[in-house]
Amino acid sequence: MQTDPRGPRLAAALSSVVLLLALHAGNRPLLAAQALVFALGALGGLRLAPYVRLFQALVLPWLAPPAATADERTLRFDQGICMVFTAVGALGYYSGVTWLGLLSGLTAFTAAFANAAFGYCVGCEVYPVVRRAQGRLTTGT
């Protein structure tokens with residue numbers, strides 16, 4: 001399924017802000033809430049991603065159609081990567097392993113910020129590599 005890439009890019013910007021606030025304050029519940037936001041996008045699709053829905057409701061009606069579309073699978077994969085790092089970060093903070101929380105949270109922040117600021121989607125780059133590796137594993141070559 002193809003989607004307007006501007007929604008996920010806005011979502012990445014909002015996620016960057018939330019992650020920065022959570023990491024700066026060591027706010028465990030905020031980091032865990034952001035992990036849930038990523039989980040909704042990764043597991044439920046972008047139609048369930050809260051920030052993308054916000055884009056679709058408030059911003060999209062004012063914009064011209066996108067010049068290009070993006071494959072939703074790669075964007076969902078990106079959400080999944082950020083979900084894992086953010087969830088590990090929240091678990092690190094909750095378990096008292098602050099360095100793990102900070103490191104994992106910063107990794108998720110870096111991925112989200114790269115997408116928001118530069119249009120570089122980590123999941124979009126990694127997804128084809130994973131799919132090729134899966135093909136090689138299942139075909140036995």
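**Pocket, aromatic pairs and buried positions**

The largest pocket holds about 160 Å³ of space, where a pocket is an open set of points on a 1 Å grid over the protein atoms alone, at which a 1.4 Å probe fits, with protein on both sides within 12 Å along at least five of seven lines, and where the volume is the space filled by probe spheres set on the points. The model is predicted, and for that reason local features need pLDDT of at least 70 and side-chain atom pairs count only at pLDDT 80 or more, whereas totals for chains, interfaces and linings use all residues. Residues are numbered from 1 along each chain as its sequence is written, and side-chain values use heavy atoms, with hydrogens and water left out.

The lining of the largest pocket, made up of residues with an atom within 4 Å of a point, consists of Pro5, Arg6, Pro8, Arg9, Ala70, Leu75, Asn115, Gly119, Cys121, Cys124 and Glu125. Of these, 6 are nonpolar, 2 polar and 3 charged, with Ala, Val, Leu, Ile, Met, Phe, Trp, Tyr, Cys and Pro counted as nonpolar, Asp, Glu, Lys and Arg as charged, and the others, Gly among them, as polar. Helices H1 and H6 (122-139) each contribute at least two lining residues, and the largest share, 3 residues, is that of H1; helices (H or I, at least four residues) and strands (E, at least two) are DSSP runs numbered from the N terminus.

Aspartate 4 is placed in the loop between strand S1 (2-3) and helix H1 (6-25). The residue has a relative accessible area of 12% and is therefore buried (buried is under 20%, exposed over 50% and partly exposed in between, with a 1.4 Å probe and protein chains only). Its side chain makes a polar contact of 2.7 Å with the side chain of arginine 6, a polar contact being a pair of N or O atoms within 3.5 Å of which, within protein, one must be able to donate a hydrogen and the other to accept it, while residues adjacent in sequence count only if both atoms are side-chain atoms. Residues up to four places away in sequence not being counted, aspartate 4 also touches Phe55, Leu60 and Pro66, contact meaning heavy atoms within 4.5 Å.

Across the whole structure, 3 aromatic pairs are found, a pair requiring ring centres of Phe, Tyr or Trp (its six-membered ring) within 6.5 Å, with planes under 30 degrees apart counted as stacked, over 60 as edge-to-face and the rest as tilted. The rings of phenylalanine 77 and tyrosine 127 lie 5.6 Å apart at their centres with planes at 65 degrees, so this pair is edge-to-face. Because phenylalanine 77 belongs to helix H4 (residues 72-94) and tyrosine 127 to helix H6, the pair ties together parts that are 50 residues apart in sequence. Phenylalanine 77 is partly exposed at 26%, whereas tyrosine 127 is buried at 15%. A stacked pair is formed by phenylalanine 109 and phenylalanine 113, with 5.7 Å from centre to centre and 25 degrees between the planes; both residues lie in helix H5 (residues 98-118), 4 residues apart. Phe109, Phe113 and Phe118 form one aromatic cluster.

Helix H2 (residues 28-44) contains glycine 41, which is buried with a relative accessible area of 0%. Glutamine 34 is also placed in helix H2 and, at 1% relative accessibility, counts as buried.
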